[in-house]
Amino acid sequence: MAALFLQISDPQFLSSFRDRIFDVYQQSQPREAQYPRPVAVIDIDENSLLNLGQWPWPRSYLAKLVENATKNGAAVIGFDMLFAESDRLSPSEMSQNIEELPPAVKQQLSVLPSFDNIFAKAIQKSRVILGISVSPESAGANNLGLSRIPSFALLGQDPRPFLKNYPALIGNIDVLDESAAGRGMISLDQDFDGIVRRIPLANRIGSKIIPSLALDMLRVATGRNVIIQTNENGITGFKVAGTLVPTDTKGRIWVKYAKYDPSLYVSALDVINGTIDENVLAGKLVLVGTSATGLKDLRASPLTSNLPGVEMHLQLLENIWTQTYLFRPEFIAIFEWAGTLLTGLSLIILVPLAGARTTLGLLIFISVTAIASSAYFFVYNSVLIDVSYTLFISILVYITMVYSNYRGTEQERTRIRTAFAHYLSPELVKRLSASPDSLVLGGEEREMTFMFCDVREFTVISEGYKHDPQGLTHLINRFLTPMTGKILDHKGTIDKYMGDSIMAFWNAPLENPQHPKDAADAALEMIVRLAALNAELREEAKQENRKFKALHVGIGLNTGVCIVGNLGSEQRFDYSVLGDPVNLASRLEGQTKEYGFSIILGESTARAIPDYAMIELDLIAVKGKEEAVKIFGLLGNEEHKKRPEFIEAKQAIETFLTLYFSQDWDAALEKLAFIESLNPRLKKFVLLYRNRIHNFRVIPPPVDWDGIYRATKK
């Protein structure tokens, strides 16, 4: 019912879409022009402007154009232009506009014939229809010639309430208007997208009905008055020489366009010079317009953009003359509404009864029948019927009905998934819900990146909450929630929480080729988010007048091949990882408090992200392992790596490590002092190595010392 109401109300976007569908019809089968063509155009083209000068021309040129066109047998001539001001190029006008002109010359010019009078005489000797324009505003309009527009004969009710009303008219100067055989409206209604699809055969100014240029040209050409036929619903059409031209209720005609034919256009230069073939204009309805780009009279049709505006009048004249226009009677909309209602109700009833598969066949049959019928009526009867909206709503109803059959199952699955997502990784829950068969013991080898994150000095922090365990729980939740969010945002999987610690991994259960980078990005953003959390906690402690203890974390990252899968027992198992790289990541996290870096990477992770801001820290064998690895402190991303202060610190530490491994203790200590002066945050790193060097001076390393530091703490 909502869809039906929308169709009946017909908002702008819906009517615009329907017009585009009708454009496709016309593009697929444009009107076939009937030869000989009844209309020709005298074109003020680029060549005419090049030879006769810029527009506007002296109206003596136009007088010559009318005389020669009449001599060549033009049945009627219609100007798709306005002559609202007198010709400034007339001798008398020029004499007033040229300064310091001798009085004798002024006198001679003033007695010469006016170009407007010359043009008017040529018009009077021919059958010329001058263009007029309706104006949406009274300001700037002159209403010239309004009283000379002939009245229409009326058949039926008064058509004026159904015609679009304008406040004023822009007409032609009296000397020209009085000489013309008629005057017609050259204004064109463009749709929302700028395309001219419907052209009004008449509009009104107050009680005065204004004919279009094409309609008045036909009136003069046939010598018969035009009759407007109206019923209680609106205008049904215009009778021209006894033939009814059907329109919509507002007096507009749907133009059926033929392809643009440049051969119908005759250069105005050739007409003025009298060099055209005598048969080109003989017996034809002749329009005078312009295709010159500089005059900006360009329009768009359903077939072509950037057409001369006069082409629209040409197409309209041919439509009426050959009776090949398009039809879209008002009652067609009622059939379209009924189609939407019947197909929608049929699907609502049949989908639950007959099932989705059977009803899909019915929907396909309805769609094919509707499209074929619409195409048939357009091709053979030129009737426009829109079935696109009905088909769209039918498909929407079908999808909705099929979906409703599975809605209960999906809701239940969603409730289960939501519940388990609090205990397992959301990606893992999604995978298990899609493939329950994977709930078996076992695993697979895969290269992964692992993270261990732990709060530093958490025991000291806990002491402050020994009388408020709920407060400690709230604090941990406030810490774990944003940290978890950053891990999940970067495609990580939370393996487990261990009090104030987080274990996470990347590249499982879903594959992620850039898992080291995502893990590093997550770690860096966790540090930034922790700073924001500390600022919040500091402000709260200040407001509550209690001591503030900032949270600090250590994060260890390592990459390597492990076993990942469902690990545990037959009674209970968990999706987790197993392997030496996991243990190393845990040990690296423990080393953060020794080296004073918040994030420490294993060598394999560092190799995977060479463009990040990292500093080599040591060659270390962590507690419980004999094999040594290089470890790196991670400080930032690619942008951070370009900072001068980072580059200076990295170079200084690299130089120090070279001195340290070569046992040049004095130079190494001197470099440590320089490193400490660069950044106070490197104080812990400096103190660590300073103590080592002092110890080596007391007890020198063995002769075969390999530079490896064997950690004694986890």
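The legends below describe close-up views of a predicted model.

**View 1. Helices α9 and α11 pack against each other at an angle of about 50°.**
Two packed helices are described by the angle between their axes and the distance between the axes. Here the helices are α9, which covers residues 213–222, and α11, which covers residues 310–322, and their axes lie 9 Å apart. The two helices are therefore oblique to each other, and α9 passes α11 in a right-handed crossing. On the side of α9 the contact is made by Leu213, Ala214, Met217 and Leu218, while α11 contributes His313, Leu316, Leu317, Ile320 and Trp321. Sorted by class, eight of the residues in this contact are nonpolar and one is polar, and there are no charged residues.

**View 2. The largest pocket has a volume of about 1200 Å³.**
Rolling a probe the size of a water molecule over the atoms shows where empty space is left. The largest pocket is lined by 38 residues, and those that lie nearest its centre are Gly596, Phe597, Ser598, Leu635 and Arg681. The elements that give two or more residues to this lining are the helices α18 (515–543), α19 (580–595), α22 (644–661) and α24 (683–698), together with the strand β25 (629–636). Which element gives the largest share of the lining? That element is α18, from which eight residues come. By class, the lining of the largest pocket holds 17 nonpolar, nine polar and twelve charged residues.

**View 3. The second largest pocket holds about 920 Å³ of space.**
This pocket is lined by 37 residues, of which Asp10, Arg18, Arg198, Lys250 and Arg252 lie nearest its centre. At least two lining residues are supplied by each of the helices α1 (2–9), α2 (12–28), α12 (331–354) and α14 (388–421), and likewise by each of the strands β7 (198–200) and β13 (252–254). The largest share of the lining of the second largest pocket, eight residues, comes from α2. When the residues of this lining are sorted by class, 13 are nonpolar, eight are polar and 16 are charged.

**View 4. The second largest cavity has a volume of about 30 Å³.**

Most residues other than glycine have a negative phi, and most peptide bonds are trans. Proline 56 belongs to the loop that runs between α3 (46–52) and α4 (59–71).

**View 5. Asparagine 545 has a positive phi, although it is not a glycine.**
The value of phi at asparagine 545 is about 55°. This residue has its place in the loop between α18 and β21 (553–568), and α18 is also the helix that gives eight residues to the lining of the largest pocket.

Technical notes
Residues are numbered from 1 along each chain as its sequence is written. This is a predicted model: local features need pLDDT of at least 70, side-chain atom pairs count only at pLDDT 80 or more; totals for chains, interfaces and linings use all residues. Side-chain values use heavy atoms; hydrogens and water are left out. Axes are lines fitted to C-alpha atoms, for helices over the stretch in contact, and angles run from 0 to 180 degrees between N-to-C directions. Helices (H or I, at least four residues) and strands (E, at least two) are DSSP runs, numbered from the N terminus. Angles under 35 degrees count as roughly parallel, over 145 as roughly antiparallel, 65 to 115 as roughly perpendicular and the rest as oblique. A crossing is left-handed if the near helix is turned anticlockwise from the far one by less than a right angle, and right-handed if clockwise. Contact means heavy atoms within 4.5 Å. Ala, Val, Leu, Ile, Met, Phe, Trp, Tyr, Cys and Pro count as nonpolar, Asp, Glu, Lys and Arg as charged, and the others, Gly among them, as polar. On a 1 Å grid over the protein atoms alone, a cavity is a set of points where a 1.4 Å probe fits but cannot get out, and a pocket is an open set with protein on both sides within 12 Å along at least five of seven lines; lining residues have an atom within 4 Å of a point. Grid points are joined across faces, edges and corners, and a volume is the space filled by probe spheres set on the points.
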